[in-house]
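Trainee: Here's one I'd like to go through with you. Can we check what the labels really rest on?

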Amino acid sequence: MKPQIMKSKTIVRLFAMATIAAFFSFTAVAQEQTDPNPLAISVTQPDSGALKFMVIVGNPDKQKVQLKVTNANYGTIDRQIFKSSQYGMVCNLTDAADGLYTIEVRSRKKVIKRTIAINTVSVYNTNRMASLVSNTK
């Protein structure tokens, strides 16, 4: 059973690992035209303030492909199987708990993985104010 995830207005979700930022705009492309399995994946984050990711898979050979989103603690979150030449989905991690999430695309001969890290950072605004309480001579 997957845990319930609570929302809080005082918590802002940010990505702590700078290396993960590369995955948001990274598009994996077959390394050479001679690649017998030209499977490709693109994971982007259209709105940097939201935890929604656009996943696009290029499958020019129209082979059977499995796309899976997993987390080590909660197992498989989403799984899709398709044979189309291109497949897209929005991976909504808005209510996901902190941790590493893996987006895996698997065909018979190739596996491509991308990792997204979610970390909660609490933000507190402290404002100091002064006011005149007494005005004596």
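Mentor: Helices (H or I, at least four residues) and strands (E, at least two) are DSSP runs, numbered from the N terminus. By that rule the protein has one helix and nine strands, in the order β-α-β-β-β-β-β-β-β-β from the N terminus on. It's a predicted model, where local features need pLDDT of at least 70, side-chain atom pairs count only at pLDDT 80 or more, and totals for chains, interfaces and linings use all residues. Residues are numbered from 1 along each chain as its sequence is written, and side-chain values use heavy atoms, with hydrogens and water left out.

Trainee: What makes E3 and E4 a pair?

Mentor: Strands pair if DSSP finds at least two bridges between them. E3 and E4 have five, in the antiparallel sense, so they qualify. In that pairing, Ile41 stands opposite Val57 in E4.

Trainee: Why is E3 called largely enclosed?

Mentor: Buried means under 20% relative accessible area (exposed is over 50%, partly exposed in between; 1.4 Å probe, protein chains only). Four of the five E3 residues are buried, so the rest of the structure largely encloses that strand. Across the protein, 28% of the 137 residues count as buried.

Trainee: What makes a set of residues a nonpolar core?

Mentor: Its members are buried Ala, Val, Leu, Ile, Met, Phe, Trp, Tyr and Cys residues joined through side-chain atoms within 4.5 Å. The largest one here has 23 residues, with Ile41, Val55, Val57, Leu67 and Leu93 among those with the most contacts inside it. Strands giving two or more residues to this core include E3 (40-44) and E4 (52-58).
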